[in-house]
Each structure stands twice: as C-alpha cells, then as structure tokens.
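Dear colleague,

Please find the structure below, handed over for your records. My findings follow directly after it.

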Amino acid sequence: MKERVKTMRKTILSAAAAVAVMTLFAGPLAAQTTAKAPADPAKVRAELDKAIEVMRKDARAGKSDILGKTMQLDSTQAAAFWPLYKQYEAEAKLLGDERLGVIQDLAEHFDSLDDAKAKALLERQMAFEDKKLALQKKYKDEMLKVLPAKTVARFLQVDSRLNKLVELTVASEIPLVY
C-alpha cells in the first residue's frame, strides 16, 4: 500500500510539472524530471521546482512561436498584440502558480486526504477556474480595443487549444481520489 501511495504521489508531482507547461512539447520532459528523484524530499522539491521553471520558460517560447505563426498579424496589429499578450502571459503564469499549488497540495496529502481537505482543494480549484475565465475576459476586452474581433477570436481559439492540451496532459496524470 505504501508503495502504491509513493507511486501515486510521484505521478501527481509529474502532473504538477505538466501544469506548468503551456504546450504539449514539454510533456516528455515532465516524465524525465521524476525518473530518478533522490530520496530526500527537499531535494525532490528543489529539483521539481527547477524543472518546472525550465519547462515554463521553454513552453512560453514555444507558445509564442505557435502564436506568431498562427496569428497572421500585420505590423500595426503585432505592435498592439504582443505587449498585451506579454501582460496576459504574466498574469496567466501567476494563475498557473495557483493551480500548481493545488496539485502539489493534493500530492502531499493524497494518502491522508479526508473530506475536509478534499473540499478545500475543490474550492481552490474552482476559484482558480473563475480567475482564469476572468483573465480571459479581461484580455479579450483589452485586445478588442486595439485589434479586429476576428483576430482576437483567433488568439482565444489558439490559446484555448494549447491550454486544453495542457489540461488533458495534467488530467491524465492525476489519479482519481478514492
């Protein structure tokens, strides 16, 4: 039973790394980061934090590249879009930190999860989802002030698709709560 809990905890921590990723490209990297983790929990956490930050940096670059290729912006639109996108990504990163915290909390308490802790995690997850939607609405409105609606719609479509890839990766790594 203890081995199963350790395996589940390791799997959840892999999912925590995946949540930091903004594109599917980093999925294989998340698996590599936990393959030979040292026994010391502090070292494991430090290595995981370092891996998450590296993956986030790479993922942001990959996402920007994908957006650059799919947005088809002229020079005026690009001058309006990219600064707003950078602000959006900075705020999205902070939200990602919250989501990562929920997953890490689940991993740390998975073997002792009771209804009270499960409810608290659910509340944190729902609050995260509300904040994510509010962020998307905020930047949709900001972008509509300086870009055509079809361009904003394209951005939201691409952003949504990339985020769903991450969400699917994360969801597939987190075991069901029993």
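The axes of helix 4 (residues 75-109) and helix 5 (residues 115-144) come within 10 Å and cross at roughly 175°. Axes here are lines fitted to C-alpha atoms, for helices over the stretch in contact, and angles run from 0 to 180 degrees between N-to-C directions. Helix 4 is therefore roughly antiparallel to helix 5 (angles over 145 degrees count as roughly antiparallel, under 35 as roughly parallel, 65 to 115 as roughly perpendicular and the rest as oblique). The residues of this contact comprise 13 nonpolar, five polar and 10 charged. Ala, Val, Leu, Ile, Met, Phe, Trp, Tyr, Cys and Pro count as nonpolar, Asp, Glu, Lys and Arg as charged, and the others, Gly among them, as polar.

Please note that this is a predicted model, in which local features need pLDDT of at least 70 and side-chain atom pairs count only at pLDDT 80 or more, while totals for chains, interfaces and linings use all residues. Residues are numbered from 1 along each chain as its sequence is written, and side-chain values use heavy atoms, with hydrogens and water left out.

The protein chain holds six helices and zero strands; helices (H or I, at least four residues) and strands (E, at least two) are DSSP runs, numbered from the N terminus. Of its 178 residues, 37% are buried (buried means under 20% relative accessible area, exposed over 50%, partly exposed in between, with a 1.4 Å probe and protein chains only).

Regarding helix 4, its 35 residues should span 51 Å at 1.5 Å a residue, and its end C-alpha atoms are 50 Å apart, which agrees. The expected span is 1.5 Å times one less than the number of residues. At the start of helix 4, a side-chain oxygen of D74 comes within 3.1 Å of the backbone nitrogen of T76. D97 lies in helix 4 and is partly exposed, with a relative accessible area of 31%. Between D97 and F128 there are 10.0 Å in space, C-alpha to C-alpha, and 31 residues in sequence.

Helix 5 has 30 residues and reaches 43 Å from its first C-alpha to its last, close to the 44 Å expected. D114 caps its N-terminal end, with a side-chain oxygen 3.3 Å from the backbone nitrogen of A116. Buried in helix 5 are L121, Q125, F128, K132, L135, Y139 and M143. What covers these buried residues includes helix 4 and helix 6 (149-173).

Yours sincerely

Terms used: Polar contact = N/O pair within 3.5 Å; in protein donor to acceptor, adjacent residues only side chain to side chain. Contact = heavy atoms within 4.5 Å.
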